[in-house]
Amino acid sequence: MEKFITHIQPPKGFSLGLKELWQYRELFYFFTWRDIKVKYKQTYLGILWALLQPLGMMVIFTFLFSKTWKIDTTPIQYPIFVLGGLILWNLFSVSVSHAGESMIRNANIINKIYFPRLIIPCSSILVALFDFLMGLLIFIVFFLIYKQPVSWTAILYVPAAVLLTLIAAFGTGTFFAALNVKYRDFRYTIPFLLQFLFFASQVIYPLQVVQQSWLKYVLAVNPVNAAIELFRYPFSFSPVDMSIIAIGVTSTMIISLIGLYYFRKTEAYFADLA
Amino acid sequence: MSPIIEIRNLGKQYKLTPSQPYMALRDVISGSFRNILRTDKKQTELFWALQAINLDIEQGERIGIIGRNGAGKSTLLKIISRITPPTTGSAIIRGRVGSLLEVGTGFHPELTGRENIYLNGSILGLKKVEINRQLDAIVDFSGVEKFIDSPLKHFSSGMQLRLAFSVAAHLEPEILMIDEVLAVGDIEFQKKCLGKMEEVSKTGGRTILFVSHNLNFISALCNKAILLKDGRLVNLGSPKEVVSEYLNSVIKKGVNKDWGINPPGNNIVQLRMVQLISSDGETKENFDVNESVGIQMNYEVLQNGHILWLGHNIYNQEGLNIFDTHNVDSPYYNQPSEKGCYSAIAWIPANFLNTGSYFVSTAIFNHAQKIVHLHERDVLFFTVNEVFEGVTARGMSPGDFPGIIRPILKWETVKLK
């Protein structure tokens with residue numbers, strides 16, 4: 001019985017609360033399981049939705065930028081180029097928008113039960129990761145159809161790209177989630193911010209087409225650019241632009257720390273606000 | 001052994017903002033501009049929902065928490081279950097806390113009954129192995145075996161409630177907190193739940209904190225009760241003692257109130273006595289749902305010529321003003337009164353109120369002249385109880401019968417073809 005002593009006090013200081021997160025790992029699993037299950041139960045096409053969206057976008061962008069404007073992405077064929085960027089971008093944007101709204105969506109539970117609040121945005125991100133893995137399967141199919149050459153280093157670079165995207169999505173998502181609880185009209189700015197970030201990401205164009213080097217470095221602050229750079233490297237065989245990676249990793253770390261700090265600082269009062 | 005819950009000087013302060021608790025970014029941005037221009041800042045009112053609470057609870061005690069709406073009952077449970085942090089003081093909890101602030105938390109309509117058991121169970125703090133072990137017992141207790149693999153959206157609200165309570169009843173924390181769970185559900189299921197709760201607390205040494213407006217349940221289930229008033233703990237003792245203090249002090253008196261030598265009123269009119277009576281003239285406080293409730297007021301008019309209106313406000317246990325009634329169909333209504341003693345009985349018809357507890361406030365006034373001669377709040381208290389014989393609005397339907405009132409209406413049904 002001595003194991004379960006809890007001291008309740010007015011909140012002070014800052015801690016990550018990792019130990020407590022570990023204690024609640026089963027709840028984490030159940031939240032993720034619920035969201036995945038409900039998402040695919042409610043739709044007629046189910047899991048196909050996760051695949052159709054990037055495929056449709058791939059067709060449109062291939063038609064526009066490869067056939068009409070002829071963006072040069074050699075040695076990567078444009079459909080492969082854009083599909084890879086799209087699934088990684090979707091991982092980021094779906095994570096951020098779902099995590100951002102997750103606290104409001106689960107307000108009824110937050111108001112009634114205690115658990116580490118961080119579970120909620122994190123499980124939203126895992127749901128997006130599930131979609132991404134489905135997308136990755138399609139990507140592999142297309143890359144076999146197009147007979148796209150690839151280096152074995154993909155085994156290292158693809159997971160690194162995914163990890164970087166997840167960390168960036170975590171930081172941004174938790175920050176937005178906390179802001180959303182406090183300022184209810186913040187949610188309306190999220191789609192706009194994501195739209196802006198999409199065009200600032202090298203999804204449909206390679207960052208190399210940007211002529212001004214200062215602009216390239218500004219764009220590199222967007223963590224998705226570094227992630228896509230890592231993701232495409234094994235297919236392009238050209239050297240990685242290390243400055244983009246360095247800037248992206250640094251900004252990812254800063255965003256995550258800010259997001260996590262703000263979330264942990266405000267979470268005690270979520271039940272009073274939600 | 002040290003107590004399982006030690007509460008020291010616990011307090012919770014809320015900021016009362018004029019509109020909603022959360023803000024709009026828009027307001028913050030426009031507000032900061034305004035603050036630059038003006039120096040007078042908008043005053044936010046501070047309000048103590050709980051103050052200076054000291055309480056020790058021993059293992060195995062079943063504590064009933066009594067108090068009117070806004071007395072701080074739910075805030076206390078929310079702090080102990082860590083949903084919201086306190087502003088001052090501390091609490092030490094020696095055991096796992098299972099909180100049941102509302103049954104069915106996290107239930108999802110698209111998932112099956114079985115899936116919801118796992119989800120709800122884990123939200124309430126059960127481990128997956130514990131749910132596996134208890135699954136049969138949970139399903140069995142709920143009585144919805146047949147539907148357990150169909151989506152929850154096909155369940156009736158009564159079935160959802162049974163399932164939810166069943167999961168909750170199989171929680172195995174050392175401390176279980178319950179807020180108003182038993183206010184819903186049919187009598188049979190409520191009895192089953194009460195039995196289960198008594199069983200777990202007696203055999204398992206479980207500590208229970210129970211918030212309810214239903215004083216009968218508090219008396220039946222708890223071995224101790226505390227009374228909260230305006231965020232402060234005013235009494236701790238046996239349920240019987242605390243319930244009667246609640247009825248006497250907070251509600252002043254239950255079934256009958258006779259002011260004797262110190263009547264409320266002025267030199268025009270004074271209220272002598274109020275009481276609750278049944279249709280056969282008997283003074284009582286527990287009415288059947290198919291029985292009419294008489295609210296009698298005796299008053300004395302001390303000056304001739306004043307136009308007096310009589311009225312009652314009826315509140316339910318959540319503090320909601322169900323209706324007001326004025327003596328509009330009386331021959332004395334809106335007529336100048338002569339000196340003398342009067343008695344007026346207002347009849348709430350049978351089969352009109354739903355089951356539950358009610359408070360009555362009484363007034364003598366004249367709205368047209370904007371005069372209130374007297375307005376006595378919460379002078380009477382009564383309960384309306386379910387019956388299973390005779391005619392009621394429920395008819396043949398089992399289970400929870402929702403709604404604020406429960407009238408039998410005239411239904412005109414004709415066959416058209």
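A salt bridge is a side-chain nitrogen of Lys or Arg within 4 Å of a carboxyl oxygen of Asp or Glu. The structure described here is a predicted model, and by this rule the count comes to 18 salt bridges over all chains. Some of them are listed below.

| Salt bridge | N to O distance |
|---|---|
| B:Arg272 and B:Glu300 | 2.8 Å |
| B:Glu291 and B:Lys284 | 2.8 Å |
| A:Arg34 and A:Asp35 | 3.1 Å |

B:Arg272 counts as partly exposed because its relative accessibility is 25%, and B:Glu300 is partly exposed at 22%. B:Glu291, which pairs with B:Lys284, is buried, with a relative accessible area of 18%. Salt bridges with shared partners also join B:Glu6, B:Arg8, B:Asp56 and B:Arg94 into one network.

In chain A, both partners of the listed pair are buried: A:Arg34 has a relative accessible area of 7%, and A:Asp35 has 17% relative accessibility.

A:Ser102 belongs to helix 4 (residues 78–105) of chain A. This serine counts as buried because its relative accessibility is 0%. Its side chain reaches the backbone oxygen of A:Ala99 at 2.6 Å. Leaving aside neighbours within four places in sequence, A:Ser102 is in contact with A:Ile120, A:Pro121 and A:Ser124.

A:Phe14 lies in the loop between strand 1 (5–8) and helix 1 (18–23) of chain A, and is partly exposed at 43% relative accessibility.

Terms used
Residues are numbered from 1 along each chain as its sequence is written. Chains are lettered from A and ligands numbered from 1 in the order in which they are written. This is a predicted model: local features need pLDDT of at least 70, side-chain atom pairs count only at pLDDT 80 or more; totals for chains, interfaces and linings use all residues. Side-chain values use heavy atoms; hydrogens and water are left out. Helices (H or I, at least four residues) and strands (E, at least two) are DSSP runs, numbered from the N terminus. Buried means under 20% relative accessible area, exposed over 50%, partly exposed in between (1.4 Å probe, protein chains only). A polar contact is a pair of N or O atoms within 3.5 Å; within protein, one must be able to donate a hydrogen and the other to accept it, and residues adjacent in sequence count only if both atoms are side-chain atoms. Contact means heavy atoms within 4.5 Å.
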